Amino acid sequence: METTRIGVCNLCEAICGLRITLEDGVVTGVRGNPDDPLSRGHICPKGVAIADVHADPDRLRRPVRRVTGASGETSWQEIGWDEALDLAAEGIAASVNRHGRQALGIYLGNPNVHSLGAMTHGTAMVRGFRTRNTFSATSVDQLPHQLVAHLMYGHQLLLPVPDIDRTSYFLVFGANPMASNGSLMTVPDFPGRLRELKARGGRMVVFDPRRTETARVATEHHFVRPGTDAHVLLAMVQVLVAEGLTRPPSYVEGLDAAVAAVADFTPEHAEAASGVPAEEIRRVAREYAAADGAVAYGRVGVSTHAFGTVCQWAVQLLNLLTGNLDRVGGAMLTSPAIDAVGTGLIGRGHHDLWRSRVRGLPEFAGELPVAALREEIETPGDGQVRALLTLSGNPVLSTPDGAALDRALDGLDFMVAVDIYVNETTRHADVILPPTTALERDHYDLVFHLLAVRNTARFTPAVLEPAKGALHDWQVYRELARRTARRLDARLPLRRRLTQRARLSASPTLLIGLLLRRGGSGVTLRRLRANPSGVDLGPLRPDQLPGRLLRRDHLVDAAPELVLADLDRLRAQPTPAPDQLLLIGRRHQRDCNGWLHNAERLTRGRPRHQLLMNPRDLGERGLTDGAVVTVSSRIGSVQVEVQASDDLMPGVVSLPHGYGHGRPGSRMSRAAEVPGVSINDLTDPAMLDVSGNAAFSGVPVTVTA
Ligand SMILES: Nc1nc2c(c(=O)[nH]1)N[C@H]1C(S)=C(S)[C@@H](COP(=O)(O)OP(=O)(O)OC[C@H]3O[C@@H](n4cnc5c(=O)[nH]c(N)nc54)[C@H](O)[C@@H]3O)O[C@H]1N2
Ligand SMILES: Nc1nc2c(c(=O)[nH]1)N[C@H]1C(S)=C(S)[C@@H](COP(=O)(O)OP(=O)(O)OC[C@H]3O[C@@H](n4cnc5c(=O)[nH]c(N)nc54)[C@H](O)[C@@H]3O)O[C@H]1N2
Ligand code: SF4
Ligand SMILES: [Mo]
């Protein structure tokens with residue numbers, strides 16, 4: 001018998017509502033849910049494929065342990081949960097008992113923010129281990145945003161969101177929402193919302209070294225040399241100030257200092273660095289200032305960037321100085337039914353309370369830059385990482401110099417992965433614990449309602465029965481904490497602390513019920529259960545500042561010291577030689593970071609792994625379209641097909657990230673056939689933003705036959 005259920009897609013930040021048809025407990029169709037007040041029926045090809053993950057024969061359904069045969073070959077042996085959890089706890093506890101708590105390294109990957117259980121119980125477990133060697137995908141992604149929000153507004157997730165549905169001028173740096181459906185801006189159906197923006201006479205202006213899918217539908221696109229946006233953004237700020245176009249609100253301090261700091265970042269200076277004509281910078285700044293409701297937005301391209309923090313600061317200044325912060329059509333804070341920020345569920349963040357052992361890199365919010373993970377594993381001494389726990393992540397493909405990390409993982413005493421695949425990273429684990437997948441678990445989004453372009457709330461009960469004997473991630477996390485605590489030396493204070501954390505025994509769903517009640521928005525779990533498509537809480541609301549600022553004085557800090565101190569480094573940034581090629585990344589609509597390549601539906605058809613290169617650059621090197629070329633950086637080299645493309649700015653080449661599968665021991669049979677190399681075999685762990693975020697934008701490379 002066919003039934004229809006309301007589901008939710010957790011594959012990207014757009015959190016689209018789904019209508020899922022089931023026959024005898026098997027998914028037979030996935031469509032967008034037109035009744036969803038946020039996603040309005042939108043779905044992309046990944047959402048259609050969401051059940052493929054559940055059905056994938058390569059997906060782990062029971063824990064596995066790695067066994068090494070007599071001649072050194074590796075195989076995976078299925079074991080029961082009890083045995084697997086004991087094995088994992090035993091290995092972690094042995095390392096901690098012998099070498100201290102810093103001996104445990106933890107890496108949290110991206111899917112953690114897409115799982116309710118990981119948000120509630122995963123973070124509790126991780127904090128319970130109290131290791132300074134905690135890393136996550138944050139430092140290859142949005143760390144500069146969090147640092148800037150922490151410094152300017154007093155909380156790492158006090159992130160104003162573009163009011164895309166009402167703005168008349170959307171200024172975009174380094175984002176491709178036509179492919180990504182937005183980030184730190186949950187915007188399902190970006191294409192539809194953009195059509196509406198244009199229909200009401202609004203404009204979208206894009207700065208990107210590639211004429212992307214987003215640039216193509218923009219009213220205006222400008223090429224910008226990778227890694228140089230800070231000059232352009234600061235020049236726009238400088239123009240606003242110099243031409244008297246600013247109208248900042250009253251609740252700001254440090255304005256004079258900020259204005260003074262950017263005085264020498266003129267459009268002419270920016271043109272020399274970035275290739276964007278000074279007159280264009282002036283014109284855009286003026287038009288932006290004149291627009292009735294304008295918003296600046298910068299994402300991955302200017303976040304995974306050597307000056308990511310300066311860029312995000314400049315983006316905030318553009319909104320602030322023009323009076324577009326906290327205003328309809330500008331950037332506003334959301335009013336979620338569960339305010340993870342205001343309630344303190346997520347901490348404000350802190351900076352530089354400790355530093356990484358080997359390179360002395362500062363922590364942020366309890367995490368060290370993942371670019372330092374390899375050296376922390378390989379460098380002997382007190383505090384060396386000997387055991388590693390990875391939670392839904394694939395740092396071998398996703399972090400700079402992944403090849404070196406790949407080798408370093410072999411040197412660990414012990415490794416546990418909570419993951420649903422044997423991938424390029426988890427193939428090094430001694431034991432892998434695979435929890436249930438998205439369709440089998442209840443979901444309420446603690447993160448992305450907070451970042452959405454419209455206020456809505458939605459609770460989605462599990463669509464599929466969990467397989468018999470399967471555990472949810474929160475159950476795995478709770479159990480792992482408990483069993484490890486039991487094995488820790490009774491004299492370690494950590495033991496008591498971890499035991500306390502492990503008492504988090506209420507289910508995530510129960511916690512959501514409590515948090516909703518405490519939130520006082522009038523939205524209850526009962527109401528959400530009665531409205532599975534979601535409850536509409538209306539458009540973003542203006543005039544919430546200064547009330548919601550979380551700095552002690554309730555003022556925005558327009559001139560954080562840390563940022564101003566980084567400007568000299570920016571002034572000294574060398575201009576690359578004219579023949580220097582700079583590598584950037586890219587995302588395709590049918591890719592999902594490094595892990596959906598095992599889905600046939602998403603990988604058939606024209607390959608998309610190629611190095612894109614401007615025909616002029618190809619010609620200058622005597623290369624031909626389609627040839628296999630060698631791309632080399634300071635870190636390594638890869639061989640990959642090159643594709644001529646006018647969409648790339650001359651001097652810039654592009655590879656997508658998350659490719660390079662098929663390594664010995666991994667078990668993703670379809671992905672192993674997908675051609676392509678890992679861009680992160682070229683990226684450089686020494687190239688960092690002041691926040692510690694990896695700088696992927698503009699890695700110097702050579703390309704040869
Ligand atoms: N050069 C370059 N590198 C980049 C980027 C870039 O633009 N350029 N982008 C960066 C960004 S923004 C990000 S977010 C990171 C992502 O980096 P990671 O988070 O390290 O990598 P993912 O590919 O997202 O890996 C997700 C893993 O989680 C597993 N998984 C999926 N669903 C579940 C689940 O429900 N439960 C469990 N337990 N596991 C699950 C998958 O099997 C997969 O192994 O990559 C970064 N790396
Ligand atoms: N289809 C799909 N959707 C996704 C993901 C996915 O893997 N696939 N991943 C999700 C995740 S984890 C994230 S974080 C978001 C990211 O969401 P976005 O930031 O929108 O995605 P990207 O495609 O990485 O966009 C970065 C853009 O920056 C440009 N760029 C590179 N270097 C520079 C530079 O120096 N300056 C400027 N101005 N631009 C530069 C690139 O050409 C690219 O167009 O997407 C999410 N959505
Ligand atoms: S845009 Fe696609 S991947 Fe993202 S949530 Fe929607 S359906 Fe899922
Ligand atoms: Mo990301």
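This is a predicted model: local features need pLDDT of at least 70, side-chain atom pairs count only at pLDDT 80 or more; totals for chains, interfaces and linings use all residues.
Which residues come closest to ligand 1? That would be Tyr-107, Asn-110, Ser-398, Asp-419 and Asn-423, out of 27 residues that surround it. Let's look at a few polar contacts. The side chain of Tyr-107 puts an N or O atom 2.7 Å from an oxygen atom of ligand 1. Ser-398 also uses its side chain, with a polar atom 2.8 Å from an oxygen of the ligand. With Val-418 we're on the backbone instead: an N or O atom there sits 3.4 Å from a nitrogen atom of ligand 1. And how much of ligand 1 does the protein bury? Taken alone, ligand 1 exposes 920 Å², and 96% of that is buried by the protein.

What's the shell made of, by class? Around ligand 1 you get twelve nonpolar residues, eleven polar ones and four charged ones. If you like to think in domains, domain 2 (64–141 + 341–535) and domain 3 (573–704) each supply at least three residues to that shell.

On to ligand 2. Here there are 33 residues around the ligand, and the nearest are Ser-180, Asp-208, Asp-229, Arg-587 and Asp-591. Asp-208 has a polar side-chain atom 2.7 Å from an oxygen of ligand 2. His-588 has a backbone N or O atom 2.9 Å from a nitrogen atom of ligand 2, and Gln-589 has one at 3.1 Å from a nitrogen atom of the ligand. On its own, ligand 2 exposes 910 Å², of which the protein buries 97%.

Which helix gives the most to this shell? Helix 6, residues 177–180, with three residues. By class, the shell of ligand 2 splits into twelve nonpolar, 13 polar and eight charged residues.

Seven strands make up an open, mixed sheet, in the order 5-4-19-18-17-6-7. Strand 5 (74–78) and strand 7 (134–136) are at the edges; each has a single partner strand, so one side of each has no neighbour in the sheet. From one strand to the next, the twist averages 20 degrees.

Now zoom in on strand 17 (residues 387–391) and strand 18 (residues 414–418): they run parallel and are joined by five bridges. One pair to find is Leu-388, whose bridge partner in strand 18 is Met-415.

Definitions and conventions:
Residues are numbered from 1 along each chain as its sequence is written. Chains are lettered from A and ligands numbered from 1 in the order in which they are written. Side-chain values use heavy atoms; hydrogens and water are left out. A residue is near a molecule or strand if one of its heavy atoms lies within 4 Å of it. A polar contact is a pair of N or O atoms within 3.5 Å; within protein, one must be able to donate a hydrogen and the other to accept it, and residues adjacent in sequence count only if both atoms are side-chain atoms. Accessible areas come from the Shrake-Rupley method with a 1.4 Å probe; for residues, only the protein chains shown count as cover. Ala, Val, Leu, Ile, Met, Phe, Trp, Tyr, Cys and Pro count as nonpolar, Asp, Glu, Lys and Arg as charged, and the others, Gly among them, as polar. Domain bounds come from an automatic or database domain assignment. Helices (H or I, at least four residues) and strands (E, at least two) are DSSP runs, numbered from the N terminus. Two strands pair if DSSP finds at least two bridges between them. Axes are lines fitted to C-alpha atoms, for helices over the stretch in contact, and angles run from 0 to 180 degrees between N-to-C directions.
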